[in-house]
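Here is a short briefing to read alongside the model.

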Amino acid sequence: MKPSNSRRLAFGLIAALIALGAAPLFIRNDFYLDGFILVFLWASFSGAWNILGGYAGMVSLGHNAFFAIGAYTSTLLFLRLGVTPWLGMFAGGLLAAAVGVILGIVCFRLRSHYFALATLAFGQVVHILTMNWRGLTQGAEGIALPIEPSLAHMIFASKLAYVYLGFGLFLVVLATAIAIERSRLGYFLTAFRENEDAARALGVKTGQVRLIAMAISAFLSAIAGTFYAQYVVYIDPSGVSRLQLSVQVALFAIVGGLGTFNGPVIGACIFVPITIALRSYLGTTAPGLHMIIYGLILVLTMLYMPKGLYGTIRARMKARSQ
Amino acid sequence: MDLTLFVQLLISGLLLGGVYALSSIGLTLIFGVMKIVNFAHGEFLMIAMYLSFWLHHLLQVDPYLSIVVVAIALFGLGLFTFRIAVRPTLGAPHLNQIFVMVGLSIVIENAALLWWSADFRTVSLDYLRAQIVLGPWPGLGLEEIIVNPGRLIAFLVGLSISVAFYFFLKLSYSGKVIRATSQDRSAALLMGIDIDKVYKLTFAGGLMLVGVAGALMIPMFTVHPFVGFEFVLVMFVVVVFGGMGSVVGAVMAGLFIGVIEVFSDFLIGPDSKQAVYFLLFIAVLVLKPSGLFGIKGEEEVERIEAIE
Amino acid sequence: MKATGAVLTVLMVVGIALGQIAAADEAWRIGTILPLTGPQAKNGTKNFDGIKIATDMINEAGGVLGKKVVLISADASEPQAAASEANRLITNEKITAIIGTQSSSLSMAATVVAEQNKVFYIENEGVSGQITGRGFKYTFRTTFSGDMMAAQMVDYAAQVLAPKFKKTAKELKLAIIHEDGGFGTSTGTALQKHAKTLEMNVVAVETYSAKTADLSGLVLKLKQAKPDVLLAAQYINDAILFHRQAAELRFIVPVIGTTAGQGNPDFYNALTKDAEGILAGGIPAEISIERLGAEQKADAGDFVKRYQASHNGEYPNPTSFVGFAGAWILYKYIMPKAGGLDPEKLREAALSLNIPPGKGVLNWGIKFSPPGAPDAGQNVTASAGISQWQSGKLKLVFPKEIATAEAK
């Protein structure tokens with residue numbers, strides 16, 4: 001890309017971020033603030049997924065496991081040992097990273113469909129664990145966090161505080177993604193993704209490189225899980241470890257456009273409001289209709305914009321500039 | 001555990017496995033020939049079950065008699081789905097293929113919810129209430145062993161279909177064409193095989209098979225819009241276990257999974273039985289990815305290019 | 001001529017539309033949050049049906065304090081969606097009273113939002129103890145808790161079944177099975193707790209997924225444990241599967257289930273004569289109880305009639321009963337006393353109610369635990385009696401004070 005284009009893009013990005021960050025200050029409506037929070041949550045989780053799924057090309061359908069590990073670890077440490085979630089989330093992140101690395105060691109030899117299926121099974125096993133290890137997780141009854149707002153508890157009375165907490169998480173994930181893209185790690189991952197055999201032939205340690213990506217991806221997914229726990233102040237298997245979470249998080253990144261940090265953000269910015277709007281306006285008049293529309297959007301995007309929104313737009317821009 | 005209990009668990013497991021095998025044959029065919037993960041396969045099972053239910057509810061057609069109608073309907077549905085959703089993504093990256101089918105399954109599930117409501121539907125056939133009792137054989141130390149008639153029928157039909165299919169694939173020209181395409185697409189193209197037709201018929205055929213499964217299953221299982229999701233996970237396990245594309249493998253794997261499930265149910269607990277076969281699934285994927293009967297190296301195959 | 005006609009029609013339409021808007025301003029707007037899509041959709045829609053019928057009934061009788069009730073409904077199939085929808089109802093739709101949520105996990109998330117915004121919340125079906133165990137001031141559960149139902153079930157086993165086995169309560173061997181969702185887990189845990197309090201002998205506790213296609217392993221496992229009585233917290237689908245497979249594999253013991261499973265009319269439809277004698281705790285389907293006040297009998301009868309009219313003659317689902325009951329309690333008792341939908345007044349009104357069993361709705365009373373109690377907001381008079389299938393009908397057999405038939 002030409003230098004001026006890349007600078008333009010950078011400005012555009014910074015401007016968008018400032019707008020995104022400042023907008024909530026002017027919005028007093030809790031419903032819209034809730035929307036912002038969810039966009040940030042999903043953009044973060046999806047961005048974390050993208051590090052493995054987009055950059056490394058390893059499509060995982062088991063990321064619900066990491067989200068759940070994050071949510072349960074920080075919550076249990078908080079409730080049973082009084083550890084503040086600010087620290088607990090790191091514990092959750094590290095645990096998720098460790099589990100992710102083990103999963104990677106076992107499953108990275110598998111390609112595409114098989115890897116997706118293996119991670120799917122893994123995610124299901126973790127879901128079954130959250131349902132049945134009742135001594136730890138209270139099973140399907142879930143765990144309620146005490147609603148005592150304080151900074152140390154990472155629980156806030158005002159939605160605005162959550163907006164900025166989410167925004168902070170989002171910036172962290174974004175910065176991580178950009179940093180990876182610009183780094184050698186990023187080049188190695190891309191090399192692996194584009195042509196695995198050539199990459200290996202050139203001496204790229206594809207195994208190690210992917211494990212690092214997995215660890216980062218799992219770590220950040222778990223942090224997103226902690227954020228969820230602190231916001232909804234109630235966690236249960238249906239909320240944090242169900243399969244649909246994995247599908248959704250991959251979906252946002254794919255529809256948005258894999259392989260760049262923009263994709264998950266775009267995907268989240270489009271799908272979260274659409275989901276909320278469809279559910280709110282159609283959810284009760286014709287139950288199921290809003291999900292049908294949702295599914296159709298997914299199908300049509302996959303059929304007609306296979307590179308995702310960002311990928312397609314970028315391709316068109318490139319074509320036009322030639 | 002005494003002998004009777006062991007045999008009873010085994011029989012129950014095999015019969016359950018028969019159901020799993022039957023519903024997975026179509027999936028393994030699609031998987032093997034087209035290398036597509038048909039995430040929506042469970043939804044087509046659901047459609048077939050509903051179809052059979054409505055034929056029974058509205059026209060008093062016995063589900064076993066409805067098999068032909070349902071099979072034909074699902075075949076047609078398969079042709080249609082192939083045209084609009086599958087063929088366009090044949091050259092696309094795998095995850096596009098996966099997510100088109102995921103999107104399709106979301107649409108189908110919720111369309112069923114919208115049209116048929118969330119109520120659970122069952123078909124109760126009085127003649128299936130009869131119990132089939134084997135034994136007792138005091139000489140062998142066995143007391144009575146009980147066999148569920150509905151599952152026995154599904155088991156026998158599943159077995160017959162897979163036997164028929166095995167010979168079809170091995171001996172008939174079409175079968176050879178399918179196997180050739182499955183083994184080496186480019187070579188098959190060079191030999192003048194109409195790949196598009198093979199894919200189309202395979203996909204529709206796979207759906208036809210799950211249609212048969214649905215009609216056989218409605219007398220035993222309730223159907224509701226989200227039943228597809230519940231079955232599809234086991235179906236994947238069975239297919240991978242048995243080796244992609246291997247009909248015989250799917251049957252053996254289905255039976256195996258059924259037995260594992262019932263024994264885990266009993267020995268470990270019903271809550272964890274799914275975890276057992278998921279863990280086994282991962283183990284098989286990692287240690288013998290081609291499954292019990294698949295061709296080695298298949299799982300390494302990269303994406304196939306577009307037909308055009 | 002045509003033009004005049006057109007103009008008049010337009011004016012008429014506009015007038016009617018304005019009239020509707022005006023009328024809408026004059027109506028009580030009450031929010032509902034239920035799972036109308038997703039895996040819980042079946043129960044969610046049935047619950048919603050109950051609420052809708054209650055609303056129709058009250059509106060046809062002139063509304064509450066002269067104003068009609070309008071439902072502003074929301075669909076939520078997972079906890080975070082329930083919280084978001086609660087947010088939307090409160091912030092955008094300016095709702096001050098919500099009825100929900102059928103599922104305990106959805107309830108846990110939505111009630112948090114309601115409590116934070118000081119919005120009155122009626123939980124009409126979720127049974128988890130946690131819902132009323134958080135000391136919330138604005139959340140009120142109109143139905144029985146899992147604990148209450150479990151206590152009835154265990155008491156029945158101890159008081160009625162043990163003597164039939166010629167054993168003392170402590171000698172009776174109990175097995176407990178429950179599905180692994182919120183409902184099953186809450187009830188299962190409560191069953192174990194109560195059995196322990198009575199020092200009963202629990203020989204097996206098993207959990208399973210309600211979505212399972214096969215329970216033969218579970219049945220054989222239970223058979224081996226040789227219990228005298230089985231206590232089961234199941235949904236309808238798995239209850240039918242379980243009983244079918246249990247009958248097949250010759251595992252026959254008295255079963256005390258719940259109205260979510262064994263007490264559901266579909267259960268009898270599926271098992272017909274094999275369902276005879278099976279017990280279920282929860283909503284007593286039998287509503288023509290002599291001890292009910294005339295008004296309660298009439299209301300319940302009206303509800304059943306309307307339900308059957310819109311559901312092809314089907315007898316109401318227990319979920320619809322509790323849906324109806326929750327809304328009815330709000331419309332007939334709480335709102336009139338509160339004089340409107342101000343959450344503080346609703347709260348005070350609710351806490352002040354002291355209506356004895358049989359004089360509220362169904363065969364319940366209305367008395368909510370006061371703030372400070374461990375189950376603050378729980379309707380302690382919502383009895384979860386034990387019913388039994390006798391000759392195709394569910395008869396209330398326990399507790400004796402309100403029973404309509406003898407246990408067989």
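Two strands count as paired if DSSP finds at least two bridges between them, and the helices (H or I, at least four residues) and strands (E, at least two) named below are DSSP runs numbered from the N terminus. With that in hand, chain C shows an open sheet of five strands in the order β2-β1-β3-β4-β5, with parallel pairing. This is a predicted model, in which local features need pLDDT of at least 70 and side-chain atom pairs count only at pLDDT 80 or more, while totals for chains, interfaces and linings use all residues. Residues are numbered from 1 along each chain as its sequence is written, chains are lettered from A and ligands numbered from 1 in the order in which they are written, and side-chain values use heavy atoms, with hydrogens and water left out.

**The five-stranded sheet of chain C**

- β2 (69-75) and β5 (139-141) of chain C are the edge strands, each with a single partner, so one side of each has no neighbour in the sheet.
- From one strand to the next the twist averages 25°; axes here are lines fitted to C-alpha atoms, for helices over the stretch in contact, and angles run from 0 to 180 degrees between N-to-C directions.
- Strand β4(C), residues 120-123, pairs with β5(C) in the parallel sense over three bridges, and Tyr121(C) has Thr139(C) of β5(C) as its bridge partner.
- Helix α4(C) packs on this sheet and touches β1 (28-34), β4 and β5 of chain C, its direction making about 160° with that of β4(C); contact means heavy atoms within 4.5 Å.
- Helix α11(C), residues 318-338, lies across β1, β2, β3 and β4 of chain C and runs at about 135° to β4(C).

**The seven-stranded sheet of chain C**

- Chain C also has an open sheet of seven strands, ordered β7-β6-β8-β9-β10-β11-β12, and its pairing is mixed.
- The edges are β7 and β12 (393-398) of chain C; each has a single partner strand, so one side of each is left without a neighbour in the sheet.
- Here the twist averages 25° from one strand to the next.
- Helix α7(C), residues 216-225, packs on the sheet against β6, β7 and β8 of chain C, and its direction makes about 175° with that of β7(C).
- Helix α5(C), residues 146-164, lies across β6, β8, β9, β10, β11 and β12 of chain C, at about 160° to β9(C).
- Strands β6 (173-179) and β7 (201-208) of chain C run parallel and are joined by seven bridges, with Ile177(C) opposite Glu206(C) in β7(C).
- With helix α6(C), residues 182-197, these two strands make a right-handed β-α-β unit (right-handed meaning that, with the strands pointing away from the viewer, the path from the first strand over the helix to the second runs clockwise).

**Where chain B meets chain A**

- The contact involves 43 residues of chain B and 40 residues of chain A.
- About 3,600 Å² is buried between these chains, 78% of it on carbon and sulfur atoms; buried area is the accessible area (1.4 Å probe) that two parts lose on being put together, summed over both.
- Leu95(B), Phe99(B) and Val286(B) supply 17% of the area that chain B buries against chain A, more than any other three residues.
- Zero salt bridges are found across this interface, a salt bridge being a side-chain nitrogen of Lys or Arg within 4 Å of a carboxyl oxygen of Asp or Glu.
- α4(B) gives the most to the side of chain B that touches chain A, with 16 residues.

**Where chain C meets chain B**

- Chain C and chain B each bring 34 residues to their contact.
- The area buried between them is about 2,800 Å², and carbon and sulfur atoms give 52% of it.
- Three salt bridges are counted between chain C and chain B; the side chains of Lys46(C) and Asp119(B) meet in a salt bridge at 2.6 Å, N to O.
- α8(C) provides the largest share of the side of chain C that touches chain B, seven residues.

**Backbone details to look up**

- The peptide bond from Gly100(C) to Thr101(C) is cis, with omega near -10°, and Thr101(C) sits in the loop between β3 and α4 of chain C.
- Phe398(C) and Pro399(C) are joined by a cis peptide bond with omega of about -5°; Pro399(C) is in the segment after β12 of chain C.
- Met154(A) is not a glycine, yet its phi is positive at about 55°.
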